[in-house]
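I opened a new notebook page for this structure.

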Amino acid sequence: MSQAGVPALLGGKTAVITGATRGIGLGIAEVFAAAGANLVLTGRDTSAGQRAVAAMEAIGAKAWFCAADMRDQAAVQAAVAAAERFGGIDILVQNAGMYPELSIEQMTSDDWDLVHQTNLRGTFFAVQACLPAMRARGGGRIVLISSITGVRTGFPGLAHYGATKAGMNGFMRSAALELAPYGITINAVEPGSIRTEGLAALGGPAIAAMEECIPLRRLGQPAEIGTTALFLASDLASYITGQSIVVDGGQTLPEIKQ
Amino acid sequence: MTFHGHNAIVTGAGGGMGLRIAVDLLTAGATVTAIDLKPRPADLDEAACTYERLDVTDYDAVQAVVRRAHQRHGRLDCIVNAAGVGWFDRDRSLVDTELGVWERVLDINLTAAMYVSRCSIPLMREHGGALVHVASVAGLRNSDGPMDAYQVAKAGLISMSRAIALTYGPDHVRSNTVCPGAILTPMIEPLYDADPPRRHRMEQRTPLRRLGTPHDVSAACLFLLSDQASFITGVDLVVDGGWMLALS
């Protein structure tokens, strides 16, 4: 999908996108930039962040990078506050997350805590940080990038990750009820197999085998998570809250092959 | 979202959500064949849109109209199954509902959508396409009623959509449902007109504190039909203002 086809649904809006220096987060940022949004991007890698800002500016968007580890509450708050340079936060896309594969037998409490603090506690930090500004502005949109893993399916080696993703969906449902009176919606996107740098590294035969298991017979593109997040972040979805949209080409539809 | 060069069929386009979807698809540049048993509504300009009056539970009539729609533009890209009835007075618990009412509700709300899909999918397989079926939150959870034939039909529609998504995904045919909650449509308005406190109660119990509009549903349908949703198939998108999240 080309950015040329992205509808200009976010003109003048300001979005904070966490974990936006590569992969799905960068794909979301490109779509939001094409849709007219001003962007605050976060990540841990400052040089990758500066490259992402330059890429957004090349598309014609105003963009700013804020280095933030999602475990650091003050850094997350600073990233949300940075949206003030563009007039204040309208949209939060909580995308930052990690997925180091480890069996339950190998996993230490530090391994568990790292993934939980980044993915799930980081989600709480980011959502909480944007509430004062969104309430003051009379509303807002929050989109969480969850996963099919943990919510719909399992994956050996990702028990800790799956728990955080199921946790994000659970957090979202109560948050939707708490935030609805303020005109703030919160929804999730559950990507399936998306062609990111990490996945491409698996190589052709592995990817071909994955594609065979997907009814649409291909992997998704980061931009396709971006366009789904764009819909949920736009006025078109003003009556949708507490929902999760699976974006997996139908991968979770079939029973396993007999 | 743009639909220039896309050819669409919308059932139930004679009013309410189906009409809104047909109008929005036209505005977005699609060619539209609008279908309903009711006469053509004034909002649907005769020059811009083909309007076909027919009973969607008549298989031969459905087959003929789908073929004509395909032939008119040489392609078929989008199907919206929005035809449906909610017979609040006659559709009760399965013990109390007359058998004829049960069968008719299943025919209109489920089997007709199968007819339209069955006739359309072979014509979409040439270059891919997308179907959206307007189901209901009642198809995912019990409706407050009871209104058993309606909720069984809507659950069936959801299951049918997933079957299409799985089987025809390799042909680049996507299928999804939109599940509206309490939407202010001509189907439900008389209920609220007769009982204004009921409307107020519904608004207050909806987390986002308002009833939905046909526009809310149409926006979700157009998103799922569009290239913006190109990796989405077999999902059910709930458009209910948060209604399903809360326990009463």
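My entries follow, from whole chains down to residues.

**Ground rules**

I noted that this is a predicted model, where local features need pLDDT of at least 70, side-chain atom pairs count only at pLDDT 80 or more, and totals for chains, interfaces and linings use all residues. Residues are numbered from 1 along each chain as its sequence is written, chains are lettered from A and ligands numbered from 1 in the order written, and side-chain values use heavy atoms, with hydrogens and water left out.

**Chain A**

I looked up the secondary structure and found eight helices and seven strands in chain A. Helices are DSSP runs of H or I with at least four residues, strands are runs of E with at least two, and both are numbered from the N terminus. The radius of gyration of chain A is 17 Å, close to the 18 Å from the globule rule for 258 residues, so chain A is as compact as a globular protein of that length. The radius is taken over C-alpha atoms, and the rule is 2.2 Å times the number of residues to the power 0.38. I noted a C-alpha box of roughly 55 × 40 × 40 Å along the principal axes of chain A.

Next I checked burial. In chain A, 55% of the 258 residues count as buried. Buried means under 20% relative accessible area, exposed means over 50%, and partly exposed is in between (1.4 Å probe, protein chains only). The accessible surface of chain A is about 10300 Å², with 53% of it on carbon and sulfur atoms. These areas come from the Shrake-Rupley method with a 1.4 Å probe, and for residues only the protein chains shown count as cover.

I then turned to contacts, meaning heavy atoms within 4.5 Å. Of the contacts in chain A between residues at least 6 apart in sequence, 74% join residues at least 24 apart.

**Chain B**

I found seven helices and seven strands in chain B. From the N terminus their order is β-α-β-β-α-β-α-β-α-β-α-α-α-β. The C-alpha trace of chain B spans about 50 × 40 × 40 Å along its principal axes.

Buried residues make up 58% of chain B. Its accessible surface is about 10400 Å², and carbon and sulfur atoms hold 51% of that. For contacts in chain B with a separation of 6 or more, I noted that 69% are between residues 24 or more positions apart.

**Cores**

Which residues have the most contacts inside the largest nonpolar core? I found A:Phe32, A:Leu39, A:Leu41 and B:Leu25, in a core of 86 residues. Helix α7 (residues 214-225) of chain B gives the most to this core, with eight residues. A second, separate core has 39 residues, including B:Ala83, B:Met160, B:Ile164 and B:Met244. A nonpolar core is a set of buried Ala, Val, Leu, Ile, Met, Phe, Trp, Tyr and Cys residues joined through side-chain atoms within 4.5 Å.

Leaving out residues up to four places away in sequence, A:Phe32 touches A:Leu10, A:Ile17, A:Leu39 and A:Ala233, among others.

**Buried helix residues**

B:Leu224 sits in helix α7 of chain B. B:Leu224 is buried, at 1% relative accessible area. Beyond four places in sequence, its contacts include B:Ala130, B:Val132, B:Arg174 and B:Leu237.

A:Thr123 lies in helix α4 (residues 109-136) of chain A. A:Thr123 counts as buried at 1% relative accessibility. Among its contacts beyond four places are A:Gln94, A:Leu144 and A:Phe171.

I placed A:Thr227 in helix α8 of chain A. A:Thr227 is buried as well, at 1%. From A:Thr227 to A:Ala35 I noted 192 residues in sequence and 9.4 Å between C-alpha atoms.

**Positive phi**

Most residues other than glycine have a negative phi. I looked up two with a positive value. Phi of A:Arg217 is near 60°, and A:Arg217 lies in the loop between α7 (204-212) and α8 (222-233) of chain A. Is A:Arg217 buried or partly exposed? A:Arg217 is partly exposed, at 36% relative accessible area.

Phi of B:Arg209 is near 65°. B:Arg209 belongs to the loop between α6 (196-205) and α7 of chain B. B:Arg209 is partly exposed, at 44%.
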